[in-house]
Amino acid sequence: MDADLLRIRDDALLALESCQDEANLEAFRVRVFGKKGELTSVLRSLGSLPPEQRRVVGEQANQLKELLESQLTARRARLQDEQRAQSVAAERIDITEPGVRRLRGSQHPLLQTLDETIAIFTAMGFEVARGPDIEDDYHNFAALNIPADHPAREMQDTFFVGPEMVLRTHTSPVQIRVMESRQPPIQIIVPGMVYRNDAPDQTHSPVFCQLEGLMVGKDICFAHLKGVLTAFIHSMFGPDLPVRFRPSYFPFTEPSAEVDMGCPVCGGNGAGCTRCKGTGWVEILGSGMVHPNVFRAVGYDPEVYSGFAFGMGIDRIALRRYEVDDIRLFYENDLRFLRQFS
Ligand code: DAH
């Protein structure tokens, strides 16, 4: 082989071996095959050789060109394989390694109970209304037929937050706010927090959750009250539970009734049951026919309209539903307790 070609070949094969990436390969290509490349120069200068030599060297140069081109292609393929192998190794996932467990939250048992209660009433056509937690004396008491000297005000230990302003002691003031703002027919429920100046104990919390209900129209009677509340208790606690309506007193209803259901613990049996104290019944809400004075306070004519109202403690419903025996558990946010409801 021509001495020049021999030198070009040996240099090129050596240089190719040391190419480590695409940039090296491109530099190699330019150096050998480029316009001023080593091999290109030889091919160009063939014309100046005597014809005999030209044929021999030309053939050798073309063979070398083919050789180096195929070596370049092979080197490129090998580099690409190496790179792929490297990145596969780097991205390798060890599927036997234990995963990182994500902590998942869950809905608080009180909210679960509230959501379910709301769902039962909205299915019966009630819509959800809301009102302020900080309430004025008029809406919390006076408009609900609880005048300043009425003993009922003492039944509820009130947090006063300013002159004539209180933290609402019940959700009943929202009845007034809704009736002030529109005309019957009205069919609402009012979920919300209420506040009483009670020392916390097994059955009392200074903050708790109530759900109020109000249905007003023409010819609404006690049978509607019984039907709606019985339907609620049956879908919340079971269709076979006995329900009873016991005469009671609330200033804003007349007549008034407290509603009991058969004790879910002893099945209404009573004997020796600590939950119902042996009576076979547990009280779950207060209710009654809206008092004419309440209608007068909002400008409704009690001769034209009638209605019923009810109020229940969601905490109590939750206590019964989950067989929990201390209301404070709902407010302490102890994860060991809450996780049992996820
Ligand atoms: N507001 C009463 C309470 O907090 C509950 C209540 C009783 C609401 C009878 C009513 C009702 O709407 O008719 O103890």
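Visitor: Where does L285 lie in this predicted model?

Guide: L285 lies in strand β9. The model is predicted.

Visitor: Why is L285 called buried?

Guide: Buried means under 20% relative accessible area. L285 has a relative accessible area of 2%, so L285 is buried.

Visitor: Which residues is L285 in contact with, leaving aside its neighbours within four places in sequence?

Guide: L285 is in contact with L229, A257, E258, V259, F310, G311 and M312. Contact here means heavy atoms within 4.5 Å.

Visitor: What makes T117 a buried residue?

Guide: The cut-off for buried is under 20%. T117 has a relative accessible area of 0%, so T117 counts as buried. The place of T117 is in helix α5, residues 109-123.

Visitor: What does T117 touch, not counting residues up to four places away in sequence?

Guide: T117 touches L211, F232, M236, M312 and I314. F232 is 115 residues away from T117 in sequence, and their C-alpha atoms are 7.9 Å apart in space. M312 is also among the contacts of L285.

Visitor: How do you know that the buried residues of α3 line one face of the helix?

Guide: In helix α3, residues 38-45, the buried residues are L39, T40 and V42. Seen down the axis of α3, these buried residues fall within an arc of 160 degrees, so they line one face of the helix. They pack against α1 (3-17), α2 (22-33) and α4 (51-91).

Visitor: Is D21 buried, partly exposed or exposed, and what makes it so?

Guide: Partly exposed is the class between the two cut-offs, under 20% for buried and over 50% for exposed. D21 has a relative accessible area of 32%, so D21 is partly exposed. D21 lies in the loop between α1 and α2. D21 and R76 are 55 residues apart in sequence, and 8.1 Å apart in space from C-alpha to C-alpha.

Visitor: How many domains does the domain assignment give, and what separates their centres?

Guide: The assignment gives domain 1 (3-91) and domain 2 (109-341). Taken over C-alpha atoms, the centres of domain 1 and domain 2 are separated by 91 Å.

Visitor: What is noted about the phi of K277?

Guide: Phi of K277 is near 50 degrees, a positive value in a residue other than glycine. K277 is found in the loop between β8 and β9. Exposed means over 50% relative accessible area. At 73%, K277 therefore counts as exposed.

Visitor: Why does N145 count as buried?

Guide: The relative accessibility of N145 is 18%, and the cut-off is under 20%, so N145 counts as buried. N145 has a positive phi of about 65 degrees although it is not a glycine. N145 lies in the loop between α6 (137-140) and α7 (152-155).

Visitor: Which residues lie nearest the centre of the second largest pocket?

Guide: They are T203, T274, R275, K277 and R320, from a lining of 17 residues. The elements that give two or more residues to this lining are β9 (281-290) and α11 (314-322). The second largest pocket has a volume of about 540 Å³.

Visitor: What is the lining of the second largest pocket by class?

Guide: The lining has six nonpolar, five polar and six charged residues.

Visitor: Where does D325 lie, and what does it touch?

Guide: D325 lies in the loop between α11 and α12 (329-332). Not counting residues up to four places away in sequence, D325 touches Q202 and R275. R275 is one of the residues nearest the centre of the second largest pocket.

Visitor: Which peptide bond ends at P185, and is it cis or trans?

Guide: The peptide bond from P184 to P185 is cis, with omega near 5 degrees. P185 lies in the loop between α8 (173-181) and β5 (186-195).

Visitor: What joins E254 and P255?

Guide: A cis peptide bond joins E254 and P255, with omega about -5 degrees. P255 lies in strand β8, residues 253-262.

Key: Residues numbered from 1 in each chain as written. Predicted model: local features only at pLDDT ≥ 70, side-chain atom pairs only at ≥ 80, totals over all residues. Heavy atoms only, no water. Buried < 20%, exposed > 50% of the residue type's maximum accessible area, 1.4 Å probe, protein only. Helix = DSSP H or I, 4+ residues; strand = E, 2+ residues; numbered from the N terminus. Arc of directions from axis to C-beta. 1 Å grid on protein atoms, 1.4 Å probe; cavity = no way out; pocket = protein on both sides within 12 Å on 5 of 7 lines; lining within 4 Å. Points joined across faces, edges and corners; volume = space filled by probe spheres on them. Nonpolar A, V, L, I, M, F, W, Y, C, P; charged D, E, K, R; others polar. Domains from an automatic or database assignment.
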